[in-house]
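Have the viewer open as you read.

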Amino acid sequence: MHTLYRYSLAFFLEVFEASIKTELAKDLSYEKRLEAILEKLFGNLFLRVGPGLQEADVLVFGLQLAQVKAESGASTFPKPEMDLLLKGAAVDVMKSAAAPLAEQCREVLKSKLNSQQLRALQDL
């Protein structure tokens, strides 16, 4: 993503406050409330930041959010699909049963991203 994208701390605090002010049932457990707040936070962040990004950078931003969510343990993505999404079509993936999916993902991303963005995505 371009280094000129800058957002203030006040902006992120506003997004965070909007996410925790969601109407949640009182009988939900701590884990369920936390999960609902995180879902709302990631959704609000993408909806608020995405429109300010160039079209090609929206995908990269979404993938970075997915990586953060996956690393936090809050992800429901299966491990092989997440590795394919974040690491790209690596040689070992191309030899696995997911090879057709890997090739399809690589082709889709190639048409959406420029070479600099593809390299940055592979470096994640």
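E14 has a relative accessibility of 44%, so it counts as partly exposed (buried is under 20% relative accessible area, exposed over 50%, and partly exposed in between, using a 1.4 Å probe and protein chains only). E14 forms a salt bridge with R48, and the closest N and O atoms are 2.9 Å apart. E14 belongs to helix α1 and R48 to helix α2, so this pair ties together parts that are 34 residues apart in sequence. R48 is partly exposed too, with a relative accessible area of 37%.

A salt bridge here is a side-chain nitrogen of Lys or Arg within 4 Å of a carboxyl oxygen of Asp or Glu. Helices are DSSP runs (H or I, at least four residues), numbered from the N terminus. This is a predicted model, in which local features need pLDDT of at least 70 and side-chain atom pairs count only at pLDDT 80 or more, while totals for chains, interfaces and linings use all residues. Residues are numbered from 1 along each chain as its sequence is written, and side-chain values use heavy atoms, leaving out hydrogens and water.

## The second salt bridge

The count by this rule is two salt bridges. The other pair to look at is E39 and K69, whose side chains meet at 2.4 Å, N to O. Since E39 lies in α2 and K69 in helix α3 (residues 55-71), the pair ties together parts that are 30 residues apart in sequence. E39 is partly exposed at 43% relative accessibility, whereas K69 counts as buried at 15%.

## S19 and its neighbours

Now find S19 in helix α1 (residues 9-20). S19 is buried, with a relative accessible area of 0%. Its side chain makes a polar contact with the side chain of N44 at 3.0 Å (a pair of N or O atoms within 3.5 Å, one able to donate a hydrogen and the other to accept it; residues adjacent in sequence count only if both atoms are side-chain atoms). A polar atom of the S19 side chain also lies 2.9 Å from the backbone oxygen of V15.

Leaving aside residues up to four places away in sequence, S19 touches I37, K40, L41 and N44 (contact means heavy atoms within 4.5 Å).

Which residues of α1 are buried? They are F11, V15 and S19. These cover an arc of only 75° around the axis, which puts them on the same side of α1; the arc is taken from the directions from the helix axis to the C-beta atoms. What covers them includes α2 (30-49). The face turned away from this buried side carries the exposed residues L9 and A10.

How values were computed. Helices (H or I, at least four residues) and strands (E, at least two) are DSSP runs, numbered from the N terminus.
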